[in-house]
Amino acid sequence: MRDLRPILLVEDNPKDAELTLAALARCQLLNEVTHVRDGAEALDYLRAQGAYAGAQHGGPVVVLLDLKLPKLNGLEVLAEVRKDPHLSSTPIVMLTSSKEERDLVRSYELGVNAFVVKPVDFKEFFEAIQGLGMFWGITNQPPPHRPFATGPVRGNG
């Protein structure tokens, strides 16, 4: 049975977000797509805190993460996710316009699952997003979600 957890799009550029959402919609995925606009909001969503406190989304099937974001950039978000035991296995695709080798290398050092450079050409961009949507929304079998513990956190002593 398909995992119908949401896809999380973290993108601050309204035009790129609109194109990405349109391309994913064309795939006719049953997964809901949630769009957030900065790194801090992405972490709030993933941790079900702040504006997303109490959310029961089960964690995203994949995070499509822009590199250059306000508040926390994509590398900072990636580092936070990978060091959090409840989120560490969340699939993350860096979706960026950066062709900088250092961004690519650092993303993989931090544990990104894929690094995709956004094509400049509209048709190529649309096709790339559709391919990502089909793979992560239908083909890939994601790890099981690890829900956050509820109730107070207790110390060791």
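Two strands are said to pair if DSSP finds at least two bridges between them, where strands (E, at least two residues) and helices (H or I, at least four) are DSSP runs numbered from the N terminus. This is a predicted model, in which local features need pLDDT of at least 70 and side-chain atom pairs count only at pLDDT 80 or more, while totals for chains, interfaces and linings use all residues. Residues are numbered from 1 along each chain as its sequence is written, and side-chain values use heavy atoms, with hydrogens and water left out.

Five strands form an open sheet in the order S2-S1-S3-S4-S5, with parallel pairing; its edges are S2 (33-36) and S5 (114-117), each of which pairs on one side only. S1 and S2 run parallel and are joined by four bridges, and Leu8 has Thr34 of S2 as its bridge partner.

| Helix | Strands touched | Angle |
|---|---|---|
| H3 | S3 and S4 | about 175° with S4 |
| H4 (residues 101-109) | S4 and S5 | about 155° with S5 |

A nonpolar core is a set of buried (under 20% relative accessible area, 1.4 Å probe, protein chains only) Ala, Val, Leu, Ile, Met, Phe, Trp, Tyr and Cys residues joined through side-chain atoms within 4.5 Å. The largest has 22 residues, with Val10, Leu46, Leu65 and Met94 making the most contacts inside it; S1 (7-10), H2 (39-47), S3 (62-65), H3 (74-83) and S4 (92-96) each supply at least two of its residues. Apart from this core lies another, of 18 residues, including Ala17, Leu24, Val62 and Phe125.

Conventions:
Buried means under 20% relative accessible area, exposed over 50%, partly exposed in between (1.4 Å probe, protein chains only). Contact means heavy atoms within 4.5 Å. Axes are lines fitted to C-alpha atoms, for helices over the stretch in contact, and angles run from 0 to 180 degrees between N-to-C directions.
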